[in-house]
Amino acid sequence: QAAAPLHPVAVQCQEAQVVVTVHRDLFGTGRLVRAADLTLGLAACLPVAQSAAESMVTFVAGLHECGSTLELTPDSLIYKTSLSYKPAPSGNLVIVRSSPAVVPIECHYPRKSNVSSNAVRPTWVPFHSTLSAAERLMFSLRLMNDDWSTERLSNGFQLGESLHLQADVVSGDHVPLRLFVDDCVATLSPGRSSSPRYALIDLSGCLVDGRADDTTSAFISPRPRQETLQFMVDAFKFAGDDRNLIYITCHLKVSPADQAPNPLNKACSFNKASSLWAPVEGTGDICSCCETGNCPLHG
């Protein structure tokens, strides 16, 4: 993933070295840190490059360099290092305007199934196919600000406002994937089965909250990318309960991006103007079960 204000440190674990790219807006405040205050590893290695606009800083180091450490597990070789930010006083040398930070960095390589057939000089090569097979999908669900540009700093809402929810998956080296939100339920306790409970999304991707007369809840179309799905939900609270904290639990899933959406994998909103259910992508018939309630739930 490219380094950006929302993800300021990007790491590439290559066969013999690690490449660390750092966005100088390290804390997402718009204030750029000085490249000279950034170092890699216990040996305090300096960056090897800075972008033309000078907003990106790049470190390149061998897996054994810059004071990295190696940890062996039964299945993996784990090289550990860290990115350090130590702000030096500037100006009058009395004050600093940012805090130091340490970002731990790890590169994991499988130990099995990568042995050379050469019986005299065995070598180990981390094949990309093995790395890809060992990778796990990383799902996230975040509250976003009104223009979807950054994560919302506060989780407090007034009735009449809208929640902007964004689901993402980091797919890495997997085949291209399309993300779906299977269901979302709101509760007053962390357990999704607790009572009372209110379904926001149900029936394998139907945003049923938007079917109510007094809501504008809907999926955002088109998607910004296949691995992301955004939707808005009008703020609400449970009737007869004075608690101000509500838990929203969602089940996220993926399908191959080249697979056409279907009644099991869909994102459907209710259009009040046409009184019809409409999908973010795919043909309208995949949403017909949102009205009848007989959508497939497994597969």
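Let me start with D182, which lies in strand β11. A strand here is a DSSP run of E with at least two residues, a helice run is H or I with at least four, and both are numbered from the N terminus.

Some ground rules. This is a predicted model, where local features need pLDDT of at least 70, side-chain atom pairs count only at pLDDT 80 or more, and totals for chains, interfaces and linings use all residues. Residues are numbered from 1 along each chain as its sequence is written, and side-chain values use heavy atoms, with hydrogens and water left out.

Back to D182. Is D182 buried or exposed? D182 counts as buried, because its relative accessibility is 9%. Buried means under 20% relative accessible area, exposed means over 50%, and partly exposed is in between, with a 1.4 Å probe and protein chains only. What does its side chain meet? The side chains of D182 and K253 are joined by a polar contact of 2.9 Å. A polar contact is a pair of N or O atoms within 3.5 Å; within protein, one must be able to donate a hydrogen and the other to accept it, and residues adjacent in sequence count only if both atoms are side-chain atoms. Leaving out residues up to four places away in sequence, D182 also touches others, including I201, D202, H251 and L264. Contact means heavy atoms within 4.5 Å.

Now the sheet around it. β11 covers residues 177-187 and runs antiparallel to β15, with 10 bridges between them. Two strands pair if DSSP finds at least two bridges between them. The open sheet has 3 strands, ordered β12-β11-β15, with antiparallel pairing. β12 (197-201) and β15 (247-256) are the edges; each has a single partner strand, so one side of each has no neighbour in the sheet.

Next sheet. Here 4 strands form an open, antiparallel sheet, in the order β9-β10-β14-β13. Which strands stand at the edges? They are β9 (138-144) and β13, each with a single partner strand, so one side of each is left without a neighbour in the sheet. β9 pairs with β10 (residues 162-170) over 7 bridges, in the antiparallel sense. M138 stands opposite V170 in β10.

Follow the chain on from β13. P222 sits in the loop between β13 (218-219) and β14 (228-234). P222 is exposed, because its relative accessible area is 65%. P222 and E281 are 59 residues apart along the chain, yet their C-alpha atoms are separated by 7.8 Å.

On to the cores. A nonpolar core is a set of buried Ala, Val, Leu, Ile, Met, Phe, Trp, Tyr and Cys residues joined through side-chain atoms within 4.5 Å. The largest one has 20 residues, and V20, V22, L38 and F59 touch the most other members. At least two residues each come from β2 (17-23), β3 (38-40), β5 (56-62), β7 (76-85) and β8 (101-110). β7 gives the largest share, 4 residues. Beyond its neighbours within four places in sequence, V20 is in contact with V9, L40, F59 and I105, among others. A second, separate core has 19 residues, among them A167, V169, F219 and F231.

Last, the whole chain. The protein chain has 2 helices and 17 strands. Of its 299 residues, 38% count as buried.
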